[in-house]
Amino acid sequence: MKKVFLALALAFGATALAQGNVIKIATVSPLSGEQAALGEMIKLGAQLAIEEAQPYFEKLGFKLELAPQDDQANPDVGVAVARRLVTDPEIVAVVGHLNTGVAIPSSEVYKDYQLAMVSPANTGPAVTDRCYLNVNRLVGRDDVQGPAGAEFAVKELGAKRIFVVHDKTTYGQGVAEQFKKKAEELGAQVVGFVGTEEKANFQALILQMKAKKPDFVYFGGIYHQAGVLLKQMRERGIKATFMGPDGLDSSKFVEIAGEAAKGAYYTTVAGPIEKYPKAKAMAEKFEKKFGKTPESFAIYAYDSANLVIKALKDFVAYAKRAPTRAELSMLVRQTTLDGVTGYTAFDYKGDRKKADYFVVHLKEAKYPGEVVKVISFPAPATKCEAIK
Amino acid sequence: MLEILIQLLPSVLLEGLILGFVYAMIALGYTMVYGVLELINFAHSEIFMAGAVAGAEVFILLKGVIGNPFLLLALAILIGGAVAAIVAILVERLAYRPLRKRGTTNRLVPLITAIGVSFFLQDLVRLIEGLWHNAFYRRYPSFSVFEATYTLPNWIGVLTILATLWLAFWVIAYFGDWLVRLFSKKERAAGRTLSIVAAGLTLVFAFFYRHVIFADLGMTIQMKSILVIVVSLAMLYGLNWLVHKTKLGIAIRAVAQDAQTASLMGIDPDVIVSRTFLIGGFLGGVAGVLFGLLYTLVHPYVGFIPGIKAFTAAVLGGIGNITGAAVGGLVLGMLEMLGGTYLTFLTNGAMGTEYKDILAFLILIFILLFRPQGIIGQQLGEKV
Amino acid sequence: MKKLRENPALLSLVIAVAAIVASLWLLANPRSTIPFLLTLGSLLAALLQPIPKWLKVLIGGAILLLVIPAAGFKNSFLFELGIQTGIYAAMALGLNVVVGLAGLLDLGYAAFFAVGAYTWAIFGSPQANEFMPWKIFPLPGEYFYLFMLVAVVVAAITGVVIGSPALRLKGDYLAIVTLGLGEVVRVLANNLDQPINFTNGPQGITPIQRPPIDWFIGLLDKFGLQMSKAEAYPLYFYLLVLVIIGIVTLVNIRLDRSRFGRAWIAIREDETAARAMGIPLFPTKLIAFATGASFSGAMGALFAAKQLYVSPESFTLIQSIMILVMVILGGMGSIPGAILGAATVTILNVDLLKSASDYLNDLRNAGYTLNLGFFKYNFANLPNQLEPAKYERMVFGLIMILMMIYRPEGIIPERRHVLEMKKEES
């Protein structure tokens, strides 16, 4: 029966499946709606990497293109986009998503088609713990970054009474829980563990802090909430040291919090620009091209795309043809990259073998801050029952 | 733990009051439009957002030009309000009026239009902001004058605690009396008796907890919060005056009661509806500017959650009623703050701040079950 | 056009030819949007125009069961589109009972979807081990069918629980209370990871078991179709959704013509008069609410199995609003309307608008220059802020506004409504 259909299709001159030499890398992230500011950074970071690589591929006779997609931060739309992507034979890899909740069901689709995915933003352990061969991630896992932060907070800063706040997202709560676990292990007391979806009025939290009198506040979440929270905390006289994960690694954090940002800490895998000349060059190019500084996930997306491009370059230069998806998936897992976010090599399940976490201190209310400590943490091992 | 709860109480209620006034200001816009057209103007949250974003632009553009922060704020309020009013009128003219002209009786149709307008305006503002600044999060600048913090005298806090305690004991006494009456044929206790019993209990309680109640309660308020309260009170009084004392107000009420008859009396309903949107939009815009001043960050999607809350407040107070919007806003604000702060303590962290909206909604349902017309709203006879 | 309508034989012929041409075109180009739309258009025409019933069934069956699956082998996105449309169509049909027939404005409908989805997600994954003493979870995939029924029951019970207080209120009060309770369900799903971990909070639940389809693959094999599991699942879910839609539609039609259906419409049209006629208002409304909820619950379980992952992000207020939009765009109270509304919104949202932005993006990548004589524009210069993918929702909003202005009664108005309008005119 399938043959009949195929014959029918051929009879009608099915030439839609382009066998041309266009290679597309897709980005999938929310481009509309409230999280668009973050999602756009993923798109722009990847776009920069792709545009840099275009001349190289042109010389080899290939056209490398970006296919930006909007998943609206919605799992349904994400899965639909994933289905669209896998049916487009020109698409060889995906850089995305922003939300773990969208990434997990979407990557189930990519898995079925062995489409390589490199995630610049999904920190939830479940993304790689499923041991899919095609799913990789460049960002650190929650269970790496949280403990790294806790170690610094308790051992170096001597935090004793810690108040943990998170934003009730996969990312924020995940990293906050891991922070709490490690901090308690190290002997600090967690006096509060509160989640909130609130974005404007944090007084309810601040009053709780007033009662619990913490000397340290950890916020699991992203800068646009963290900045407002920190500003309101300082306005109301809460003087506890403030710390957060790489969601705070943005000039916007300082801009929103204003003077209150002074003295805050955050952990990040993005190398400080003064130590990494590549990062500086990338930031300058980015700013020139898009008129804004690369924020939050832009550098991860840039590296993710570059990693895919490196694998592609190797393949295309050698084989003189575009790789199949399975070939590229295998290759991406093997590829290493010395990028803007440091050295990347994937382990057997797609996590970075070892990520350096930089603890950054904002000594003045000015971005970027100063690196005060480098913590190295390997990704925790998962038992992969059967490599699927 | 009781000590903590008591000590926090004045601050919690004060913050709830401020939040409540913010909700009340936004709720006015919903209530105005609903009063006249019986239409849930879902797009009001985007009108509010337009005002907030326009206010941010005014602040950012003129910060270097005008030195006096109060003058700057006045300008931002006026321009933010004006922008929001224009948006509101355009929305009415382009989206709602065609529906009225077709004589659509289905009330869900304008609701869908409103949702469409909402989607459209959010991304339109984003497009404009994006083309202009290449970013769409706008931050209100800080001014030390607005952020100056004042400590309120302790007696205010003490009085608040005592008043709340008295109220709590009154309710307890009321239910106690009700329980007793369940099992005996006792007469219903007089209100005065209950009050005296409650006062007595309060005094006893206060005596045992005097080290908590008369300690330093640390109630602080910021200049910008004071501004919010002042402006929203002014808006409430102004609107009440406008609706009840001016010719326009009479016309608005006439159209609200019966548009057809009003038009026979020489009132053009279209003009009145347009002006209602203008007023509602202006108030929404002002609320937006003050919201931005209070909470710093505004963006095209900022309106959604405050909008929903304010709409809830309007329903809670009795939709279509100006005082109701204020009362509903205050009740909702206080509930939210109480729930947000106390739930964590009461459940020892098992049910955190996140349950504040659940608590607020459950109480909303509870109130509506007993007073389906809202706290202040009037029971209208059913039209047959 | 008028001539066509007067001549049923000619009309049938035209539609049949259109359906065949469109189908063949789709089979030849399974990835292009236009033939797909034409195919759907001819299907729609066949179902709505006065042509013989056997022809309707033939065209409908051929397109849904042959053409789309065949094209889906080349483009599995069509299955996804079909499944999502089906899930939303079933929910729109459920909401149609509540909003369209009984006239109760429900803004928290996604809550029941969530209840259904979590019902299977919790027991069809290791999640239930977290709070249950027997470490027997995940339940094997065969239980999925049972849990669809369980989900129906649980969702109906939730409907009664939510409806009991809410339905004592009227109109806009009901709207705000359902909105609130809908949010309550989402917030609970997001927060019930402590003190006891029921829902795993924002981390969501994964992996969820799917119904086993070895028998289905075997069946296909007998027809000469060798398929891997990854290929067969979309087809299987597509067919399953078609079956469910069929059942739901039948139930809806039966309900519509039953005593309940007439009572609901009576309440919608005039509550006071309905009460005077001896219709018990509250129980009748509650039944409508629970019935609507149960459809949503069943689809929730299916959704969980299809996605393999459930998290609270899928059940926001926007989701409830979108389902409401489907019902009203399609035509309130009309069964084909609800299905069509769901199809329109889904296809618009996940296919058409995306195709449009992909097309514009291709134009930009190719450096295409638009030349209208007086106006020249090179798409390569399209600034980042005008990225078409960013404005899909804006266009969708505009479509909603225009639709309400020009066709407020919906795409396919309810038949009673049409009859009323005709009566008024004459």
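1. In chain A, five strands form an open sheet with parallel pairing, in the order 2-1-3-4-5. Strand 2 (63-70) and strand 5 (135-137) of chain A are the edge strands, each pairing on one side only. On average, and with direction ignored, neighbouring strands of this sheet are turned by 20° against each other. As background, strands of a sheet pair through backbone hydrogen bonds, either parallel or antiparallel. Please keep in mind that this is a predicted model.

2. Within that sheet, look at strand 1 (residues 22-29) and strand 3 (residues 91-96) of chain A: they run parallel and are joined by five bridges. Ile25(A) stands opposite Ala93(A), a residue of strand 3 of chain A. Helix 12 (residues 298-319) of chain A packs on the sheet and touches strand 1, strand 3 and strand 4 of chain A. The direction of helix 12 of chain A makes about 160° with that of strand 3 of chain A.

3. Chain A is divided into two domains, each made of two stretches of sequence: domain 1 covers 19-140 + 276-351, and domain 2 covers 143-268 + 356-378. Their C-alpha centres lie 29 Å apart. Domain 1 of chain A gives twelve residues to the contact, and domain 2 of chain A gives 15 residues. The side of domain 1 of chain A that touches domain 2 of chain A has nine polar, two nonpolar and one charged residues.

4. In chain B, helix 1 (residues 2-37) and helix 12 (residues 269-295) pack with their axes 8 Å apart, at an angle of about 165°. That angle makes helix 1 of chain B roughly antiparallel to helix 12 of chain B, since angles over 145 degrees count as such. The crossing of helix 1 of chain B past helix 12 of chain B is left-handed. The residues of this contact comprise 17 nonpolar, five polar and no charged ones.

5. Another helix pair in chain B is helix 6 (residues 154-183) and helix 7 (residues 191-208), whose axes come within 8 Å and cross at roughly 125°. Helix 6 and helix 7 of chain B are therefore oblique to each other. Helix 6 of chain B passes helix 7 of chain B in a right-handed crossing. Among the contact residues are Trp166(B), Phe169(B) and Trp170(B) of helix 6 of chain B, and Leu201(B) and Phe205(B) of helix 7 of chain B. By class, this contact has 14 nonpolar, two polar and one charged residues.

6. The contact between chain C and chain A takes 41 residues from chain C and 42 residues from chain A. Several helices of chain C each supply at least two residues to the side that touches chain A, including helix 2 (8-28) and helix 16 (392-406). Helix 15 of chain C gives the most, with six residues. The side of chain C that touches chain A divides into 18 polar, 14 nonpolar and nine charged residues.

7. Chain C also touches chain B, through 33 residues from chain C and 40 residues from chain B. Helix 8 (171-191), helix 14 (317-330) and helix 16 of chain C each supply at least two residues of the side of chain C that touches chain B. The largest share of that side, ten residues, comes from helix 8 of chain C. By class, the side of chain C that touches chain B has 23 nonpolar, six polar and four charged residues.

How values were computed:
Residues are numbered from 1 along each chain as its sequence is written. Chains are lettered from A and ligands numbered from 1 in the order in which they are written. This is a predicted model: local features need pLDDT of at least 70, side-chain atom pairs count only at pLDDT 80 or more; totals for chains, interfaces and linings use all residues. Two residues are in contact if their C-beta atoms, placed from the backbone, lie within 7 Å. Helices (H or I, at least four residues) and strands (E, at least two) are DSSP runs, numbered from the N terminus. Ala, Val, Leu, Ile, Met, Phe, Trp, Tyr, Cys and Pro count as nonpolar, Asp, Glu, Lys and Arg as charged, and the others, Gly among them, as polar. Axes are lines fitted to C-alpha atoms, for helices over the stretch in contact, and angles run from 0 to 180 degrees between N-to-C directions. Angles under 35 degrees count as roughly parallel, over 145 as roughly antiparallel, 65 to 115 as roughly perpendicular and the rest as oblique. A crossing is left-handed if the near helix is turned anticlockwise from the far one by less than a right angle, and right-handed if clockwise. Domain bounds come from an automatic or database domain assignment. Two strands pair if DSSP finds at least two bridges between them.
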